[in-house]
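Hi,

Here is the structure I said I'd pass along.

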Amino acid sequence: MERLDKIISSRTALSRKEAKGFISGGKVSVNGAVIKSSEYKVSENDEILLDGKKISGKEHLYIVLNKPEGYVSATEDQEQKTVLELVPPELSRKGLFPAGRLDKDTTGLMIITDDGEFAHDILAPRKHVSKSYAVTIDLPVTEEMKRGFENGVELIDGVCKPALLEITGERTATVTLSEGRYHQIKRMFGCFGAKVTKLHRLSVGGFHLPEDLSPGKCREITPGELELIKQTKTAETR
């Protein structure tokens, strides 16, 4: 159990002082009852409405975003729009950050959270949490590329772990990795003289981008989906 003003401050973008102002102004309710005392104790199971909008009482928040082009994977940037700007006020809270990085021109599944341990678990190479991408290149996808990915493409920073490349069209493929080097897919195709023209993340672990989530939209991840993310389905083929 924690004080209401502390819960609101930690679960939103409001300061403790601002939270107290909302509470004393009668704009906060707990389980349907208006509460005007900042010292009122609440648990993570209580339903808290701030100015009519529900806020999460959970210790950590996990959000899935369908990232559009034009946004950088950062918490703040002086010159460019960040993915956190796409998080609606009812899901916004202090400490949120993108778990992993998608380039500005890359789209698709992105996880935003305030749980550092969780982010480390899905990003650490030794955890082998796979990530799958739909890729379009400027040349026909070949069997040579497929074999090369399966054997491990050699980059300037070392040989990549084996990756799955499934040919889906003349110039399209699905690529599944179990590591996440800088511009890895772009550099891997570059070794075959090809340029990636479109890159879209489809899944992390066993969790796929929800089909009903439009570009630029996000929602809270369910407990069942969290377990799918943690699945260690490796992309290695040998």
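Predicted model: local features only at pLDDT ≥ 70, side-chain atom pairs only at ≥ 80, totals over all residues.

Let's start with helix α1, which covers residues 4-11. Six of its eight residues are buried, so the helix is largely enclosed by the rest of the structure. The buried ones are Leu 4, Asp 5, Ile 7, Ile 8, Ser 9 and Arg 11. And what sits over them? The cover includes the helix α2 (16-24) and the strands β1 (2-3), β2 (28-30), β4 (41-42), β5 (48-50) and β6 (53-55).

Next, have a look at Lys 131, in strand β10 (residues 131-137). Is Lys 131 buried or exposed? With a relative accessibility of 10%, it counts as buried, because the cut-off for that is under 20%. Setting aside neighbours within four places in sequence, Lys 131 is in contact with Ile 122, Leu 123, Val 175, Thr 176, Leu 177, Arg 201, Ser 203 and Val 204. One of these, Ile 122, has its backbone oxygen 2.6 Å from a polar atom of the Lys 131 side chain. If you want a sense of scale, Lys 131 and Ala 74 are 19 Å apart in space, C-alpha to C-alpha, and 57 residues apart in sequence.

Now for the charged pairs. Side chains of opposite charge can pair when their charged atoms come close. How many salt bridges does the structure hold? There are 12.

Asp 103 counts as buried at 11% relative accessibility, whereas Lys 186 is partly exposed at 24%.

Another pair to find is Glu 225 with Arg 219, a salt bridge whose closest N and O atoms are 2.8 Å apart. Here Glu 225 counts as buried, at 14% relative accessibility, and Arg 219 as partly exposed, at 26%. Elsewhere, salt bridges with shared partners join Arg 3, Asp 5, Arg 16 and Glu 39 into one network.

Cheers

Definitions and conventions:
Residues numbered from 1 in each chain as written. Heavy atoms only, no water. Buried < 20%, exposed > 50% of the residue type's maximum accessible area, 1.4 Å probe, protein only. Helix = DSSP H or I, 4+ residues; strand = E, 2+ residues; numbered from the N terminus. Contact = heavy atoms within 4.5 Å. Polar contact = N/O pair within 3.5 Å; in protein donor to acceptor, adjacent residues only side chain to side chain. Salt bridge = Lys/Arg side-chain N within 4 Å of Asp/Glu carboxyl O.
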